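Welcome! Here is a short tour of one protein chain, taken a step at a time.

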Amino acid sequence: MAGKPSWANFISWSTPITIATLNTDRSVIPEGSGFYAFTDDRGALKVNKVLYIGETKNLRSRLPKYLVHDPTQSNTRHKGALFIGDHRTRLSNDYSIYLRWSMLDSVYIVRRDLEAALIQFYNPHYNDRDWDREHMFED
């Protein structure tokens, strides 16, 4: 694969923070629109090494959907939150999943198109996968 696209250099990601840390202090999550990415390590985002990428008009209201203490008891219908919840309980833990965000004050269509470009470039594991809520948390 070719190197990082030039547009990706304009995205400034926050310092990665574990889900465990965010569950003790959610006030560090900014209020405003932007993108977020989950990974299994705190290093820079790498192609095929990202768990999930999303966009939202308000990071502070969206990200707590991913941070519930017991993902199997969540009543969210957000597909990304369900996949990350499943990953947290079956394949990893809250101390080894990292979340980072990038603020972007823009209209939805711009955020949506940039999210699509991020997903296309990084190829996150849980974006664009089929799911069945009834069987989501079964072994």
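Among contacts in the protein chain between residues at least 6 apart in sequence, what percentage join residues at least 24 apart? The figure is 78%, where a contact means heavy atoms within 4.5 Å.

## About the model

This is a predicted model, in which local features need pLDDT of at least 70 and side-chain atom pairs count only at pLDDT 80 or more, while totals for chains, interfaces and linings use all residues. Residues are numbered from 1 along each chain as its sequence is written, and side-chain values use heavy atoms, with hydrogens and water left out.

## The overall plan

The protein chain has four helices and four strands, and along the sequence they follow the pattern β-α-β-β-α-α-β-α. Helices (H or I, at least four residues) and strands (E, at least two) are DSSP runs numbered from the N terminus.

Of the 139 residues in the protein chain, 45% are buried. Buried means under 20% relative accessible area, exposed means over 50%, and partly exposed lies in between (1.4 Å probe, protein chains only).

## The sheet

The four strands make an open, antiparallel sheet in the order E1-E4-E2-E3. E1 (17-18) and E3 are at the edges with a single partner strand each, so one side of each has no neighbour in the sheet. Helix H4 (residues 108-122) packs on this sheet and touches E2 and E3; its direction makes about 170 degrees with that of E3. Such angles run from 0 to 180 degrees between N-to-C directions, with axes fitted to C-alpha atoms, for helices over the stretch in contact.

Two strands count as paired if DSSP finds at least two bridges between them. E2 is joined to E4 (residues 98-103) by six bridges, and Phe38 has Leu99 in E4 as its bridge partner. E2 also pairs with E3 over six bridges, again antiparallel, with Ala37 opposite Ile53 in E3. As for E3, seven of its seven residues are buried.

Where is Asn93 found? Asn93 sits in the loop between H3 and E4 and is partly exposed, with a relative accessible area of 37%. Its C-alpha atom is 9.7 Å from that of Asp40, although these two are 53 residues apart along the chain.
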